[in-house]
Amino acid sequence: MTPVERDQPVGFRYFSPVTAPVIDGPSAAHTAALSADDETVLAFGMVETGPRSIRARRLVVDPQRPRDLTRLDLTGLHADAVAVVANARETRALAGGIADLRAAARRVRGASGAVAVVVKDSARGCMVLTGDGEGTLTRVGPYPTRTVWPLGSGDVFAAAYAHAWDKGAEPVEAARIASSSAAWWSGTRATVVPHQVLGGAPVDEVLPDAGPELAVPDNDPLVYLAAPFFNLAERWLVETCRSVLIGLGAQVFSPLHDVGPGGDEVASRDLDGLDRAHAVFALLDGWDPGTVYEVGWAHRKGLPVVGFLQGPSHEGTKMLVGTCAELHQDLSSALYRAVWAAQGHPLTPSRVTGHA
C-alpha cells in the first residue's frame, strides 16, 4: 500500500456515538492514486474520491461514502473474487433506494458480481447473501455486550471479515468472526482483537460480559419509549432516541408520536401501547411521574426495562434495580440493550452502567 497525503484535514464530529456525524473537509477528488497488490485486500470507500489501482485474489469492498453514495464504484479494482461489506443504509443506497434489505442485497450482488454481500444490520447483527440466482440469505445474530461503543465497529467488522476470508473461512463463518470482533471492540474499546476471536471462538468465550449469538426474530420487536416531553430539550431527546431505535431494527411506540400530549384520556392509549411492547426504554432523568408509572406497569406485565439515567445512582433507583431493570448513563449502550432485550436477550440488573 502506498500512502497518499492530503493538504486539508477531514473530520467527523459526533454529537453522540449513535447520531449521524457532521463531516468537515474536502469532498473533491485527490490526484494521487491509491495502489495495492496482495492476496487479500480490504478497500474502504473515501469521503474524497480519486483514482485507485488495486489488485487482489480476494477483495473486500466497504463503500463508506456517507455524502453521495449512489452506486458501487469498482473502477480500478481487479480481483478474482469480490465481497461487499456494507451497512443497511449503504446497501439500500447502492440498490437505488430499495427498502427491503434482502432485495437490496440481491441488487447489489447483481450489479457487482460479488461472491458474497454482507449487510451490517446494527443491533440485528448482519445478513449474508451467497450462491447463484436468488442466492442463500443467512442471518448472523449480534453478540450482545454489556456496554456498546458503536464508533469504529463497522471498520473492525470489515477488517475481521477480510482476515477470516484470507485464512480460508467461508462467507457465513467469516461474518460470525467479524460480528464477534465488532462485539469485542464495542464492549471493550480495546484495539487488539484476541487471537481466539479471530480464530473463530465466539466472543462470549473471551469477554465475560458478552452474550452468545442472539437469534434475530423475523419481525422487528416493539420497544415502548417511556419519557417526558414537556419542553424542547425533552422532545429533542425523544426524537433522537426514537430515530436511533428504528435504525437499530426496532419498531417504536412513542406516546409523543403515537398518542400526543392530550389530557387524562391518553393514559389508556399509552397502556395499550405497553400491552403490545416487547421491552421498555425509559428516559429517567427528572423522574417524571408518568414515566415511572409506565416502568412499574411494564414490570407488572413482565416486560424488560432499560433506563437511561445520566444522574448518579441514588436511593430512587432501588425499586427499578430490585425489579430487574437495567440502568445506563451511556446513551449508546442503553439504546442497544433495549433492542436486544426486546429480541429476548436477558438483562443484568444494575444501578448505572457507563463506559470506563
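Reply: Helices (H or I, at least four residues) and strands (E, at least two) are DSSP runs, numbered from the N terminus. This model is predicted, with local features needing pLDDT of at least 70, side-chain atom pairs counting only at pLDDT 80 or more, and totals for chains, interfaces and linings using all residues. Residues are numbered from 1 along each chain as its sequence is written, and side-chain values use heavy atoms, leaving out hydrogens and water.

Me: Where does Arg52 sit, and is Arg52 buried or exposed?

Reply: Buried means under 20% relative accessible area, exposed over 50%, and partly exposed in between (1.4 Å probe, protein chains only). Arg52 belongs to strand β4 (residues 52–62) and is buried, at 19%.

Me: And Gly97, buried or exposed?

Reply: Gly97 lies in the loop between α1 (88–94) and α2 (101–112). With 55% relative accessibility, Gly97 counts as exposed.

Me: How do I read side-chain directions in a strand such as β11?

Reply: In a regular strand, side chains alternate between the two faces of the sheet. In β11 (residues 279–283), Ala279, Phe281 and Leu283 point one way, Val280 and Ala282 the other way, and all are buried.

Me: Which strands pair with β11?

Reply: Two strands pair if DSSP finds at least two bridges between them. Strand β9 (residues 222–226) pairs with β11 in the parallel sense over four bridges, and Tyr224 stands opposite Val280. β11 also runs parallel to β12 (residues 305–308), again with four bridges, and Leu283 stands opposite Phe308.
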